[in-house]
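I opened the notebook on this model today.

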Amino acid sequence: MKHLQTFTHIVAKPCIVLMLLSFASFSSLAQKQKSLKADTIKTDTLVDASNMSVRYGSKGIELQTKDNKFLFQLQSRFQFRFATPGDADPVTYDDYLQGGHTGFKINRARLKVGGHAFEPWLKYYWEYELSQSNLLDFRIMIERYKWLNFKAGQWKAEFTRERFISSGEQQMMDRSLINRSFTLDRQQGVELYGELGKGIADFSYWAAAMTGTGRGNTKNDDNHLMYFGRLQWNFMGEPLEFEGGDLEHHEKPVAIVAASAVTNQSPYTRFSQAGGGSLEGFNADTAGRYRVNQWNLESALMYKGFSGQSEWHHKYIFDTLHGNALTEMEGYYAQAGYFFHGLIESFPRQLEIAARETVYRPNVDLRNNLQRETSLACNWFFKGHKNKLTAEVNYLSLQDPTVPMVGGYRFRIQWDISL
């Protein structure tokens, strides 16, 4: 008992006191840290209005810090369309015979968010189609140097100028008849791009590796990726923006020529906003069934209210299930527009008149096998492409050696507005 009392007096009591003091110290420190953390959170969540600017710009409502470390842009766009006797381009002979029905619709309803974060060269963008509940674009861009940039995510491949131009900044109401067969549309992947040289030796380039299975698909079906490249010669010393019509009224001519190529193996022979699909006569029934190689040559020019552009496409489809049976198709279009106020002063400054001619051959081995489109459009710009009214008339025809030639007219009017 005596030894126990001695142990308690010499060892136990000091230990208990030390434990109590330690616990008190720990509790006090934890309380201080909790208070400090709360203060930090409170400070971080406060918005210093003096450090932010809010404005309405070309990309909608913009919030930007004064040090330009962060930029947030929010914009919505709506497209209202009336069409008779139908809106969609006829594809088959039966489509021409059946005709269409007069209709009115909200053709597009988009929400767009973009900007940069942490540094002005670290950019982001996403776009959502509200009417169809589709996430169209989502991408991160590292654009620190003019000559070398990087992009990852999902976006429209820059394979054709016509398709890459936003549907809200087109010169005509819709893209040409050949877009359905030759566009790569939206793909997921990574890309390097930039601009090299200067003067007559100014070039822009794009090189990408993509899933090759269309919008919304996060993986390749057979481990054969889509590889895409584009080389653009800006021989007037500067690149031409991806935009329809010369709204800027360039005082000096700006022109480009470009070549693009792509190779892909997948079950698909065409792509659209809906994702991968099939051209007529093909079936998306087997992974990696079709090897598709295609190329495009294009040109564009803008000068004093005049704009012109053209594309010439070739596409080769190899059916690997049938001894690499080949189907070759080709198509081209030529398009031009002009603000005639530059020639006739009394002509409305806001009015542009544009025209396009398109020819598509689904199979070059078949004679008299082609589709044509001739279009005439008038654009009235209330506020550039952000608020414009377009009226368009088209003549569409199909010629096939097995059936009589068919064709017909279509009239459409559209209001496109970005808010």
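**Rings and a pocket**

I began with a charge over a ring: the charged end of Lys151 sits over the ring of Tyr193, 5.1 Å from the ring centre. I keep in mind that this is a predicted model.

Next I looked up aromatic pairs. My search of the whole structure gave 17 of them. I noted Phe282 and Tyr290, an edge-to-face pair with 5.5 Å centre to centre and 85° between the planes. Both Phe282 and Tyr290 are buried.

I then turned to Tyr338 and Phe340. Their ring centres are 4.9 Å apart and their planes stand at 85°, so I logged the pair as edge-to-face. Tyr338 has 15% relative accessibility, so it counts as buried.

Then I moved to the second largest pocket. It holds about 430 Å³ of space. I listed 25 lining residues, and those nearest the pocket centre are Val91, Glu280, Pro362, Asn369 and Gln371. Elements giving two or more residues to this lining are α4 (179–182), β16 (325–338), β18 (370–381) and β19 (387–400).

Which element gives the largest share of the lining of the second largest pocket? I found β19, with 3 residues.

Last, I sorted the lining of this pocket by residue class. I got 13 nonpolar, 8 polar and 4 charged residues.

Technical notes. Residues are numbered from 1 along each chain as its sequence is written. This is a predicted model: local features need pLDDT of at least 70, side-chain atom pairs count only at pLDDT 80 or more; totals for chains, interfaces and linings use all residues. Side-chain values use heavy atoms; hydrogens and water are left out. On a 1 Å grid over the protein atoms alone, a cavity is a set of points where a 1.4 Å probe fits but cannot get out, and a pocket is an open set with protein on both sides within 12 Å along at least five of seven lines; lining residues have an atom within 4 Å of a point. Grid points are joined across faces, edges and corners, and a volume is the space filled by probe spheres set on the points. Helices (H or I, at least four residues) and strands (E, at least two) are DSSP runs, numbered from the N terminus. Ala, Val, Leu, Ile, Met, Phe, Trp, Tyr, Cys and Pro count as nonpolar, Asp, Glu, Lys and Arg as charged, and the others, Gly among them, as polar. Rings of Phe, Tyr and Trp (its six-membered ring) pair if their centres lie within 6.5 Å; planes under 30 degrees apart count as stacked, over 60 as edge-to-face and the rest as tilted. Buried means under 20% relative accessible area, exposed over 50%, partly exposed in between (1.4 Å probe, protein chains only). A charge sits over a ring if NZ of Lys or CZ of Arg is within 6 Å of the ring centre and within 35 degrees of the ring normal.
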